[in-house]
Amino acid sequence: MKIHWTKTMASKGTMYWKSIALAILLTCLPITIVSGINWYVGNQYLIKQYQQNNEELLQDTTRQIDEQFTQLVQYSLHMIANPILKSSLANLNFIDQFEKTQELLDTMTFIENGDPLIDQAYLYISGQNKVMQPLLGLRSLDRPADAASWNTIMRADQSIFWTNKLTRPFNKGGSTNAIVMKVPFNSPNPYGALVLYVNPSKLRLNANSEQVSYVLDGEGKLIGQSDASKQYADVLPRVQELLGTSSRESYDSKSNFQLTVNNSTLLMNSQTFSKMGSVWTYVSGTPSSAITAPTQPYTHVVLIYWEVSLLIALVLSWFASNRMYQPIRKIMDMFKEGKPEASSEHNEMKYIEEKWKQHRFANETLQSHLDHSIPQVREAFMNQFVSGQAAHLTETEIIEKLQSLQLDITNQHFSIVICQLHPLSEDRGQLTAKDAQLLTYAAINLLDEMSGCMASYVHTIDYMDGSFAVILMAPSPASPDNLKQQLMHLCTDMIQTLHDVLSMPATIVVNGPTPTWTDVPFLLEQARRALSYRSFISDSQLLDAAVVLEQVNLQIEFPYDLEQEFTHTLNLGLEDTAVDILNRLVHAMQNDGAPEWVVHQGLMRLKNNLYRSMLQSGHNPYALYDGVKLQEELEALRDPNACIHWFRTRIIKPYIDILNKSYHHSIKHVVDQIIVTINENYMSDLSLETFASDANVSVSQLSKAFRQMTGSNYIDYLTSVKINHCKKLLVTSDMKISEIAKTVGYQPPYLNRMFKKLEGMTPGQYREQCSAKNE
């Protein structure tokens with residue numbers, strides 16, 4: 001036994017005996033030092049250390065709260081620019097124009113769900129004394145108290161401001177803290193306001209279960225608090241009293257104080273920050289007992305622990321040295337790989353070093369493979385960032401990350417180029433999905449090669465739909481305008497090259513440059529938006545995103561007369577005539593300079609009119625059409641002829657089929673005769689009962705067939721014919737209004753009343769308006 005133990009000790013190397021000596025030293029000395037620190041410093045040191053850490057946490061939390069509200073304000077300003085919130089809402093008839101109302105409700109739902117800090121979103125229309133909210137819908141402020149409270153926000157001087165006094169209408173309860181934005185934004189005559197109520201539970205306060213935290217606005221009113229704060233009901237008034245107005249006189253000021261509450265001392269810290277035109281305050285506090293509690297039982301046993309620890313230090317050192325030596329022994333055994341070796345065994349580190357050199361070559365080989373994979377990893381990270389999945393990273397963090405992936409973006413300017421290839425004309429045939437992808441790949445290679453003269457690095461994003469985006473990184477120029485000119489010249493050459501080499505028309509959108517990488521996702525999104533504003537033609541186009549988006553509010557006159565003619569003709573079952581009118585309508589919008597998305601919206605408007613006609617005639621359009629799928633198919637079309645063909649195939653033909661099944665040919669002939677008679681003898685006293693009697697059909701049957709074919713009932717149709725003839729006489733003749741009334745079979749007062757109801761103005765005003773336009 002003794003001989004075996006002696007051999008075991010002799011087999012240990014110098015590393016083993018050094019570790020024993022070091023373990024004894026490192027076991028006894030730290031125990032003595034730690035015991036002295038705990039004995040002499042104690043709780044005061046812990047409290048001081050906590051206060052230092054709490055100041056850093058306070059700054060981080062204050063910054064996070066500031067960023068939360070900054071993001072909310074930026075999001076609000078982005079939403080207030082929505083074209084749907086235009087000034088015409090002030091006098092909009094929400095009941096008659098239910099489609100507009102539904103679209104507005106959908107927009108409010110999108111706004112309310114767009115930021116986690118938003119609890120509820122209201123649209124207040126001052127002139128109509130109404131509010132709109134996704135769950136409430138559109139409701140009038142019937143209570144005088146609610147009406148007076150909401151009317152006060154319109155008297156504020158600012159276009160966007162913070163309020164803590166606006167009570168939610170209809171006894172909804174909840175927080176009264178809200179951001180108010182007048183609409184239209186920065187208008188001298190706003191018609192209402194968009195009110196976003198803040199959800200206090202979504203504030204990121206970074207508070208633990210024992211920490212009290214408060215966020216106060218510029219008036220010292222509570223915005224949000226932690227769960228622990230609710231256990232100290234009397235703390236908030238005392239904090240508000242201690243801070244007073246001095247803490248709100250300047251931002252980024254700090255203070256600390258102590259409060260005694262329920263036999264417990266709260267260590268309080270506060271910091272102010274500027275927000276919404278005033279100085280807000282974040283207050284955080286922790287009970288001192290929660291800080292010192294872990295040390296109380298330890299204080300009583302520290303002396304005993306110190307004495308016992310010294311006694312067992314040798315035993316622990318021996319045990320620890322053996323445990324620490326085991327990894328060294330295992331490494332040596334792994335290097336031996338089952339083969340006994342005697343050389344250098346008594347110097348373990350030298351032995352391991354020799355073996356490590358042998359394994360370095362294998363490691364370098366693996367590293368070379370890793371270097372080859374870095375470009376793929378870099379491309380994947382950049383795709384992740386531009387898609388918004390790495391938005392939490394700062395500019396510095398992104399630079400460091402890309403530098404680790406062998407790409408330095410410091411002192412670089414970034415530009416965005418989006419290219420949309422358009423399908424070939426019908427006489428050249430249609431491309432398969434594989435052909436389209438090959439053409440896209442060829443176009444990407446062309447732009448990559450052509451941009452080498454001005455870009456130090458090119459990153460490509462293929463959207464797999466015939467379009468792709470390119471992020472160009474170029475060294476910072478003396479003037480950004482020069483870089484923009486070079487970029488426009490490059491894209492002009494690209495369009496010409498695509499035409500010469502691939503015979504493909506294309507639309508290219510340019511955006512930038514910017515010196516900040518974090519602006520790239522925003523510029524990319526702007527460029528993709530600008531792509532939808534291309535002129536609806538098949539020819540190649542070069543667009544500047546900044547210029548295009550500045551002109552998005554240009555008014556395009558929609559051909560309402562062709563729209564009415566189309567709906568009427570289609571209700572008569574005249575497919576070919578309706579398609580001809582559709583052609584004229586699309587080309588009228590195109591000739592008026594309507595961009596691609598406007599033409600799409602115009603066709604969707606025609607589809608919605610058909611929905612309304614079907615509902616009025618007793619059919620269910622939702623059983624015939626899939627609205628979501630239809631809209632996706634239409635938005636994928638880039639050619640007006642393709643849109644017309646699609647509309648005829650997917651919309652018109654199913655509608656004609658269901659019309660043909662809904663009434664007999666004889667009834668259709670009777671309705672056609674009624675329409676001809678009305679248009680030729682509109683000034684006579686024509687009644688549906690007379691027509692039904694002559695055709696030997698029931699009045700209800702004839703009325704239903706008439707509504708199915710024309711989309712309106714008999715009286716409304718007759719009235720519209722008469723009013724249209726009046727409008728024609730008002731513009732083309734000098735007849736008196738009383739004479740025009742008799743011509744169409746109306747008394748002058750009745751004509752005035754009906755004309756104003758349908759046109760929104762009197763006949764005389766209509767004649768003056770048309771005369772002014774002609775001049």
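This is a predicted model: local features need pLDDT of at least 70, side-chain atom pairs count only at pLDDT 80 or more; totals for chains, interfaces and linings use all residues.

Trainee: At what angle do the axes of α24 and α26 cross?

Mentor: The axes of α24 (residues 714–732) and α26 (residues 748–759) cross at roughly 95° and come within 11 Å. Angles of 65 to 115 degrees count as roughly perpendicular, and α24 is therefore roughly perpendicular to α26.

Trainee: How do helices α9 and α10 pack?

Mentor: Helix α9 (residues 348–386) packs against helix α10 (residues 395–404) at an angle of about 160°, and their axes are 10 Å apart. An angle over 145 degrees counts as roughly antiparallel, so α9 is roughly antiparallel to α10. The crossing of α9 past α10 is left-handed.

Trainee: Which residues of α9 and α10 meet?

Mentor: From α9 come Arg-378, Phe-381, Met-382 and Phe-385, which meet Ile-398, Lys-401 and Leu-402 of α10. Five residues of this contact of α9 with α10 are nonpolar, none is polar and two are charged.

Trainee: Let us turn to sheets. What is the order of the strands in the open sheet of five strands?

Mentor: The order is β8-β7-β11-β10-β9, and the pairing is antiparallel. At the edges stand β8 (222–225) and β9 (254–261); each has a single partner strand, so one side of each lacks a neighbour in the sheet. From one strand to the next the twist averages 20°.

Trainee: Which helix packs on the sheet?

Mentor: Helix α6 (residues 235–243) does, touching β7, β8, β9, β10 and β11. The direction of α6 makes about 140° with that of β9.

Trainee: How many bridges join β7 and β11?

Mentor: Strand β7 (residues 212–216) and strand β11 (residues 278–287) are paired in the antiparallel sense over five bridges. Val-215 has Tyr-282 in β11 as its bridge partner.

Trainee: Is strand β5 mostly covered or uncovered?

Mentor: Strand β5 (residues 178–183) is mostly covered, with six of its six residues buried. One side presents Ala-178, Val-180 and Lys-182 and the other Ile-179, Met-181 and Val-183; both faces are covered.

Trainee: What does β5 pair with?

Mentor: With strand β4 (residues 160–163), β5 pairs in the antiparallel sense over four bridges. With strand β6 (residues 192–198), β5 also pairs in the antiparallel sense, over six bridges. Met-181 illustrates both pairings: Ile-160 stands opposite Met-181, and Met-181 stands opposite Leu-194 in β6.

Trainee: Next, individual residues. Is Lys-275 buried or exposed?

Mentor: Buried means under 20% relative accessible area. Lys-275 has a relative accessible area of 10%, so Lys-275 counts as buried. Lys-275 lies in strand β10 (residues 264–275). Not counting residues up to four places away in sequence, Lys-275 touches Asp-66, Phe-69, Thr-70 and Trp-280.

Trainee: Is Met-79 buried or exposed?

Mentor: Met-79, in helix α3 (residues 42–80), is buried, with a relative accessible area of 7%. Apart from neighbours within four places in sequence, Met-79 is in contact with Leu-85, Phe-110 and Ile-111.

Trainee: Where are the cis peptide bonds to be inspected?

Mentor: One joins Val-183 and Pro-184, with omega about -5°; Pro-184 lies in the loop between β5 and β6. Another runs from Gly-512 to Pro-513, with omega near 5°, and Pro-513 is in strand β15 (residues 506–514).

Trainee: Which residues have a positive phi although they are not glycine?

Mentor: Among them are Gln-406, with phi of about 65°, and Asn-411, with phi of about 55°. Gln-406 is in the loop between α10 and β12 (412–421), and Asn-411 lies in the loop between α10 and β12. Asn-411 counts as exposed, at 65% relative accessibility.

Definitions and conventions:
Residues are numbered from 1 along each chain as its sequence is written. Side-chain values use heavy atoms; hydrogens and water are left out. Axes are lines fitted to C-alpha atoms, for helices over the stretch in contact, and angles run from 0 to 180 degrees between N-to-C directions. Helices (H or I, at least four residues) and strands (E, at least two) are DSSP runs, numbered from the N terminus. Angles under 35 degrees count as roughly parallel, over 145 as roughly antiparallel, 65 to 115 as roughly perpendicular and the rest as oblique. Buried means under 20% relative accessible area, exposed over 50%, partly exposed in between (1.4 Å probe, protein chains only). Contact means heavy atoms within 4.5 Å. Two strands pair if DSSP finds at least two bridges between them. A crossing is left-handed if the near helix is turned anticlockwise from the far one by less than a right angle, and right-handed if clockwise. Ala, Val, Leu, Ile, Met, Phe, Trp, Tyr, Cys and Pro count as nonpolar, Asp, Glu, Lys and Arg as charged, and the others, Gly among them, as polar.
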